[in-house]
Amino acid sequence: MNKSVDNLSKIKRSLTRRNRAEARFQWYGRVAIFIGLAAVAVLFIDIIGKGHGAFQATYINLNVSYDQELLGIENLSDPEQLVMGNWDALPKLALREKFTDVSGRRDKRRLYGLLSNGAGFDLKDRLLANPQLLNTTESIWLLADDDIDTYYKSWLDGEAYAARLSDKQVVWIDQLHEQGLIHLQLNSNLFTRGDSREPEQAGIRGAVMGSLLTLVLTLMLSFPIGVSAAIYLEEFAPKNKWTDFIEVNINNLAAVPSIIFGLLGLAIFINFFHVPRSVPIVGGLVLTLMTLPTIIITSRAAIKSVPPSIREAALGMGASKFQMVLHHVLPLALPGMLTGAIIGMAQALGETAPLLMIGMVAFIVDIPGSFTDPATVLPVQIFLWADSPERAFIEKTSAAIMVLLTFLIIMNTSAVWLRKRLERRW
Amino acid sequence: MQATNILILLFGFGALAFYLGRGRSLAIAAPLGGIRKLHSLPSYYGMHTAFWCALPSLILLALWMIFDEPVINSIVIGAAATDIAPSDTASYNLLLNKIGNLADGVLPRAGQSGSLIAAADHMIYLREISRWSLTLLALVFSAAGLFLGLSRIASGFRARPAVEKVMQNLLLACACLAIFTTLGIVLSVLFESIQFFRSVPVTDFVFGLDWSPQTAIREDQVGSSGSFGAVPLFVGTLLVSAVAMVVAVPIGLMSAIYLAEYASKRVRTVAKPALEVLAGIPTVVYGFFAALTVAPFLRDLGSSFGLTVSSESALAAGGVMGVMIIPFISSLADDVITAVPQSMRDGSLAMGATHSETVRRVVIPAALPGIVGGIMLAVSRAIGETMIVVMAAGMAAKLTANPLDSVTTVTVQIVTLLTGDQEFDSPKTLAAFALGLMLFIVTLLLNIFALHIVKKYREQYE
């Protein structure tokens, strides 16, 4: 009697301990999930916090007179004169007229530093588009230098970062601000220009086009090849050692580090086949090899999910094996295959390391227009900008990351949507 | 004519052949009493003819494009005047480049020696001949194929099996591309590595403690030899991967357990995809995050405790890499945990064990092989991860086990050695391939072993 009471109280005491352990264990799980989700949140907040500013740029309003003599140009349609034209003189003169009390070489240089050094070329483009402006004066918003841009934005936010500015420049910006002659406006350069050493003139258009060209080639190659391989392995392959060997190879390739594919591209495509460096063709080839395993594996899963009864019905009606596959299995498996292709493309879009090996890391200003133009891609552009010492590039990098993530989110949600919408349950 | 033009032309011919073949089969069938007198459908006759017309020329085109340039180059060099004849491989390549640039008009002809210009002209001439003969041969091949294909069409001709046989072989070729890729990887890294090991002994590379891969510009400069001891890189890689695993394994495993065993369906449907977002973020974004946010944060945190944390610490790179790997571990562990049969849980619960005791003493031991396999796959990812370490870890090869210090990894060195313009056969570039070989071997072994474990375990409960 005594013993069982003793046991019971022992059990009761141990039970509270065990229940506490249970609660603790559950909390470990919750904390783990919380940390994971917090990491997602911190990452996104950090990137957006750093990058949102880049969608606006600082512009300064000046009265520019397109003086023919200052430019040294007589005929606007003569390309030689246009090249020789003293375009930088236009914004410089406008600045000197605005701040008439500035004298001395150093101060003048600082004054000219207010504007981007591409301002003259912007004015040239404007004048060429509107030739009637020659010898007239107009008030125009001109792109400010990146240091001015950084300072003005941080100053508007309340914590001015003036480390790279002289005191005089700060005073000038204050004056401009009081007169309403400096403001932020939509940064269209970001989306319309290629790379540049000057942060305020750098844009992602070139990188986006490069990514697009590379991805188109990757999709054109990897989707047909991947689907063909999947069809062969699921429907035609005999069960033998050779087929097993192919399967082991595919599974291993899916787990090979991506940088190894870069080495492959460098040694085989560039050194052996003499494909030119830095062009979308070689990038597309390397990414094709890299995404093939993903596409083959998902396509096989999609083919597997088509029930055998469909195959048997087709064969029973007298279709050949190929007719059965092409007319019945493939259309039913296509949504699953497309989902796999989109996921593979998303993977290829975010890939950087193998492209560094094959020279797509070059500094390219021109916007690529074909598969054989030197190009870079969006992730590599991010890598290049992240390495740049200028503070203004941090903002640009974050903005480029936001664009990249937007593309990836669109691709992945469309894959999920496609699967939900088109996939049939049997 | 350019190769792309020939390609387009061949596709046009193929389409034409399809129509001709189909038309011919219909014409043959009409007097016999309609297409039911044919063995196959008319379109199969068309396809058969198209294959005959296009495939031989396509194969010719591919072979031509592979062998065209090397053959022309060797002829040009062989016929070159003796005063420019190359003495070794390096000068051979240089000469070839020069002649090629002259022939392309990239290099101005003025001021070049007469024999060089003669060689360039010879190259232009050969290229022209090659181009025209290719065009001619391709046209002859496809015309001959077209007539052969058309002549074979008859009412009893079994076109469908013939077409399907060709198509099946094409599918097989696509499937074999995976093998060729693996082969290509092995050959490319092995070939260059063997060249590298000729100048640097294998033992020096694998066991050497000093890594400074500069090569000499002058013979007599300081440190001209360059030393290729890869141990500091291996240690650095292991250190960063270990930090990543310390972050990823507990968090990934606990969230998998919670999601599989405790979470309500609603929490599961929200939390699981939200965690998977981490897996979809490009590594270059993690690298940026590690280098610009995490590393400065850790440095400031460290200095407030009086610790000196390097601004390129292994901790920052490894920690962020760990975050990247969390969803990888959690989804793999989730799969194996849900694969453990419910009867095992029921048995444990019926004996009076609490839920957590069941998980710890029954479910986890049962799922352990699968979990270990998943962790090994994750380790292989961590070792091969490139962008995070390139952006957030250091360049200097240090032999240290201190995660607050900066280390460099195998992948960082591959990238550093191969970006930029080096000569292809300098030991510096070749060292990158030797490192790639090491990386490939290690990750391959890890993957094969892990996939084997996971597969075996899956069969156990099925």
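**Packing and pairing in a predicted two-chain model**

Q: How many residues of domain 3 of chain A are in contact with domain 1 of chain A?
A: Keep in mind that this is a predicted model. On the domain 1 side of chain A, four residues take part. On the domain 3 side of chain A, the number in contact is six.

Q: By class, how many residues on the side of domain 1 of chain A that touches domain 3 of chain A are nonpolar?
A: That side of domain 1 of chain A includes one polar and one charged residue. The nonpolar ones number two.

Q: How far apart are the centres of domain 1 and domain 3 of chain A?
A: Chain A is divided into domain 1 (2-52), domain 2 (56-194) and domain 3 (205-422). Taken over C-alpha atoms, the centres of domain 1 and domain 3 of chain A are separated by 40 Å.

Q: Is the crossing of α1(A) and α18(A) left-handed or right-handed?
A: Residues A:I47, A:I48, A:K50 and A:G51 are what α1(A) brings to this contact. From α18(A), they meet A:I394, A:E395, A:S398, A:A399, A:I401 and A:M402. By class, the contact has six nonpolar, two polar and two charged residues. As for the hand, the crossing of α1(A) and α18(A) is left-handed.

Q: Which element gives the largest share of the side of chain A that touches chain B?
A: Between the chains, 66 residues of chain A are in contact with 68 residues of chain B. The largest share of the chain A side is 18 residues, and they come from α1(A).

Q: How many residues of the side of chain A that touches chain B are charged?
A: Look again at the interface where 66 residues of chain A contact 68 of chain B. Its chain A side has 46 nonpolar and 16 polar residues. What's left on that side is the charged class, and it numbers four.

Q: Which strands of chain A stand at the edges of the sheet?
A: The sheet is open, with three antiparallel strands in the order β2-β1-β3 (chain A). A strand with a single partner has one side left without a neighbour in the sheet, so the edge strands are β2 (137-143) and β3 (182-186) of chain A.

Q: Which residue of β3(A) is the bridge partner of A:I60?
A: β1 (residues 56-65) of chain A pairs with β3(A) in the antiparallel sense over five bridges. In β3(A), the partner of A:I60 is A:I182.

Q: What angle does the direction of α7 make with that of β1(A)?
A: With β1(A) and β3(A) paired over five bridges, α7 (residues 146-156) of chain A packs on the sheet and touches both of these strands. Its direction and that of β1(A) make an angle of about 120°.

Q: Which residue in β2(A) does A:I60 stand opposite?
A: β1(A) and β2(A) pair in the antiparallel sense over seven bridges. In β2(A), the residue opposite A:I60 is A:L142.

Q: Is α1(B) roughly parallel or antiparallel to α2(B)?
A: The axes of α1 (residues 3-32) and α2 (residues 42-79) of chain B come within 6 Å and cross at roughly 160°. An angle over 145 is the test here. Because the crossing is roughly 160°, α1(B) relative to α2(B) is roughly antiparallel.

Q: By class, how many residues in the contact of α1(B) with α2(B) are nonpolar?
A: α1(B) passes α2(B) in a right-handed crossing. The contact of these helices has eight polar residues and one charged. Its nonpolar residues number 19.

Q: How many residues of the contact of α13(A) with α15(A) are nonpolar?
A: α13 (residues 280-304) and α15 (residues 321-349) of chain A pack at about 150°, with axes 8 Å apart, and the crossing is right-handed. Among the residues in contact are A:T291 and A:T294 in α13(A) and A:G336 and A:G340 in α15(A). The contact has nine polar residues and no charged ones, and its nonpolar count is twelve.

How values were computed
Residues numbered from 1 in each chain as written. Chains lettered and ligands numbered in written order. Predicted model: local features only at pLDDT ≥ 70, side-chain atom pairs only at ≥ 80, totals over all residues. Left-handed = near helix turned anticlockwise from the far one by under 90°. Helix = DSSP H or I, 4+ residues; strand = E, 2+ residues; numbered from the N terminus. Contact = placed C-beta atoms within 7 Å. Nonpolar A, V, L, I, M, F, W, Y, C, P; charged D, E, K, R; others polar. Pairing = 2+ DSSP bridges. Axes fitted to C-alpha atoms, helices over the stretch in contact; angles between N-to-C directions. Domains from an automatic or database assignment. Parallel < 35°, antiparallel > 145°, perpendicular 65-115°, else oblique.
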